[in-house]
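Open your viewer and get ready to select residues. Each stop tells you what to pick and what you will find.

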Amino acid sequence: MYPVTRLFLPRSLGEALELLEKARPWPLAGGTDVFVKMRRNKLQDVSLMSLEKIPDMAGIRELPNGDIAIGAMATFTAIAESGLIQRRVPMLKTAALSMGGPQIQNMATIGGNVCNGATSADSAPSLLALNALLELQCAGGERLVPIREFYLGPGKVIRREEELMTRIILPAGGRDQWAGVYIKMSTRKAMDISTLGVAVVCETKSGGAIQEAAIALGTAGPVPIRCGEAETLLQGRIPEGDLFLKAGIAARQAANPRTSWRAGREFRQALIEGLVERALKQAYAMAGETG
Ligand SMILES: Cc1cc2nc3c(=O)[nH]c(=O)nc-3n(C[C@H](O)[C@H](O)[C@H](O)COP(=O)(O)OP(=O)(O)OC[C@H]3O[C@@H](n4cnc5c(N)ncnc54)[C@H](O)[C@@H]3O)c2cc1C
């Protein structure tokens with residue numbers, strides 16, 4: 001039924017990287033994108049390499065320096081249920097639970113979500129706002145790529161064919177008072193990809209000024225983006241008047257959403273303004289409570 005020419009099942013990372021080097025099979029994680037592509041005849045007569053038997057590609061752990069390392073094969077259920085994620089980056093739990101439905105969350109991995117290069121990927125805005133680093137390995141070595149450099153265009157990413165994404169690192173960042181929020185707008189509450197995804201991280205100082213803010217958007221252009229000018233607008237400011245709305249307007253100006261059957265460009269632009277403002281208000285209030 002599926003046009004697979006060969007299925008490789010490596011038992012170690014080394015074996016997988018060697019296979020990629022020699023035979024260039026398609027990495028297969030949860031298959032929730034790969035098999036849909038095959039059914040739609042967008043991917044045919046390919047060799048697949050399942051990553052499921054490689055030990056320890058799914059772990060979620062705190063590193064000695066406080067960074068969080070998420071294995072590329074961690075499913076969205078595992079992310080939502082991780083005590084570490086709930087305690088340190090609950091916005092990722094929100095993102096995980098906004099994905100598809102329980103069956104998809106059980107199968108789909110964060111590595112697959114990032115590697116498929118979709119602008120609507122629910123993990124992307126939060127990972128961008130958290131300055132995630134992506135660990136890419138090939139037989140010849142490894143590199144750490146900031147997620148901001150990873151997306152090249154719709155479905156196009158910087159990963160080379162011979163590379164696997166092995167981990168996602170969330171830098172601890174040395175922040176004291178901070179909070180993050182992810183808001184997904186979609187037509188249905190489940191089993192629907194985002195009309196717009198907004199992730200915001202807000203760090204505050206004692207006295208209430210914003211130390212730093214990060215604003216990231218999904219489905220607001222061909223690739224997930226950060227909104228640098230909106231972030232600069234907030235730096236060092238005590239939120240008064242319509243500051244958060246101004247940041248929402250600046251975020252809209254940074255975005256380039258398209259009209260699709262899901263929503264029109266103008267509607268998405270209005271959503272950007274409103275949801276960025278709402279996410280900032282929530283994150284700012286929550287950051288104050290952590291101090
Ligand atoms: C019914 C349904 C609902 C969905 N709803 C949502 C939703 O609400 N939000 C959302 O964001 N997505 C949604 N998706 C899309 C999909 O579930 C996600 O993108 C998912 O995270 C993909 O992960 P996967 O493990 O299934 O990847 P796979 O399908 O196995 O792989 C996806 C791509 O990534 C590559 N890849 C996977 N892992 C690696 C790795 N470690 N290193 C290198 N390359 C790798 C594969 O070769 C492939 O190109 C939905 C899909 C379906 C079928």
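Start with β3. In this strand, Val46 is the bridge partner of Val4. Strands and helices here are DSSP runs, numbered from the N terminus: strands are E with at least two residues, helices H or I with at least four.

Before going on, note that the model is predicted: local features need pLDDT of at least 70, side-chain atom pairs count only at pLDDT 80 or more, and totals for chains, interfaces and linings use all residues. Numbering starts from 1 along each chain as its sequence is written.

**Strands**

Select residues 4-8 and 46-50. These are β1 and β3, which pair in the parallel sense over four bridges. Two strands pair if DSSP finds at least two bridges between them.

β2 and β3 run parallel, joined by three bridges. Pick Leu28: Ser50 in β3 stands opposite.

Together β2, α2 and β3 make a right-handed β-α-β unit. Right-handed means that, with the strands pointing away from you, the path from the first strand over the helix to the second runs clockwise.

**Ligand**

How many residues surround the ligand? There are 31, and the closest are Ala29, Gly30, Asp33, Gly112 and Asn113. A residue counts if its C-beta atom, placed from the backbone, lies within 6 Å.

Colour the elements that give two or more residues to this shell: β2 (26-28), α2 (34-39), α6 (102-107), α7 (110-115) and β10 (164-170). α7 gives the most, with four residues.

Finally, colour by domain. The shell draws at least three residues from each of domain 1 (4-47) and domain 2 (60-170); these bounds come from an automatic or database domain assignment.
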